[in-house]
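Please open the structure in a viewer and keep the selection tool at hand.

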Amino acid sequence: MDRHGAGGGHGGLLNVIDIEATCWEGQPPPGAVSEIIEIGLAVVDLVARERVARHRVVVRPARSRVSAFCTELTGITPAEADAGMSFAEACDTLVREHGAAVRPWASWGDYDRHQFVRQCAADGVPYPFGRPAERTHTNAKAVFAGAHGLRRRPGMARALDLAGLPLQGRHHRGVDDAWNIAQLVLGLVDRGSWPVS
């Protein structure tokens, strides 16, 4: 639990989320689907303009395995993923401990939101982020591209370069990527470019 708790309204807090999912170099093996294996979360206080907490939730895949390619990319091993919580437990944790149902949230692009919508539907798990799915979510990549007058939306690492910020931690580790995206969000807040919820 971060120091602001999860109760009541969001009080200027924003959840920045970055997920990692099972992946393969080519096509998935027969019957396997891409599933969330890590949820990285950074909490941003939009009023104080600072990152106030970071969390990592490891999720056990039910219909796929972590490939060698996936481990190389994310650093997450099959054993680590298998020791994680179920997707249903992970979504419940987001709501209970991190205010997901009441706080607005952001990710770099729309992939993370689409993956949650898809996996919640497939697993019969309530969507953790409030409804409608689009209303509570901000695509930070789109906001960054607009604020910087870019025709193409950059990846997170490129955006950090453009903003003159260091990449902290390991790229493609959800908790580190969320922390870096949160820093980009704060830069957009400072420019007056972040949408007011």
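How many salt bridges does the structure hold? This predicted model holds eight salt bridges. Side chains of opposite charge can pair when their charged atoms come close. Several of these pairs form the next stops.

**First stop: strand 3 and helix 7**

Select Arg54 and Asp176. These two residues form a salt bridge, and their closest N and O atoms are 2.7 Å apart. Because Arg54 belongs to strand 3 (residues 50-58) and Asp176 to helix 7, the pair ties together parts that are 122 residues apart in sequence. Asp176 is buried, with a relative accessible area of 13%, under the cut-off of 20%.

**Second stop: strand 3 and helix 2**

Remain on strand 3 and select Arg56 together with Glu80. Here too there is a salt bridge, with the closest N and O atoms 2.9 Å apart. Glu80 is in helix 2 (residues 78-82) and Arg56 is in strand 3, so that distant parts of the chain, 24 residues apart, are linked by the pair. Glu80 counts as partly exposed, at 26% relative accessibility. Arg56 is likewise classed as partly exposed, at 30%.

Glu38, Arg56 and Glu80 are linked in a network of salt bridges.

Select Arg65 and Asp82. Their closest N and O atoms are 2.6 Å apart, and the two residues form a salt bridge. Arg65 lies in the loop between strand 3 and helix 1 (68-74), whereas Asp82 lies in helix 2, so the pair ties together parts that are 17 residues apart in sequence. Asp82 has a relative accessible area of 33% and is partly exposed.

Select residues 156-163, which make up helix 6. Which residues of helix 6 are buried? They are Met156, Ala159 and Leu160.

Finally, select Gly164, which follows helix 6. The phi of Gly164 is positive, near 70 degrees.

Notes:
Residues numbered from 1 in each chain as written. Predicted model: local features only at pLDDT ≥ 70, side-chain atom pairs only at ≥ 80, totals over all residues. Heavy atoms only, no water. Buried < 20%, exposed > 50% of the residue type's maximum accessible area, 1.4 Å probe, protein only. Helix = DSSP H or I, 4+ residues; strand = E, 2+ residues; numbered from the N terminus. Salt bridge = Lys/Arg side-chain N within 4 Å of Asp/Glu carboxyl O.
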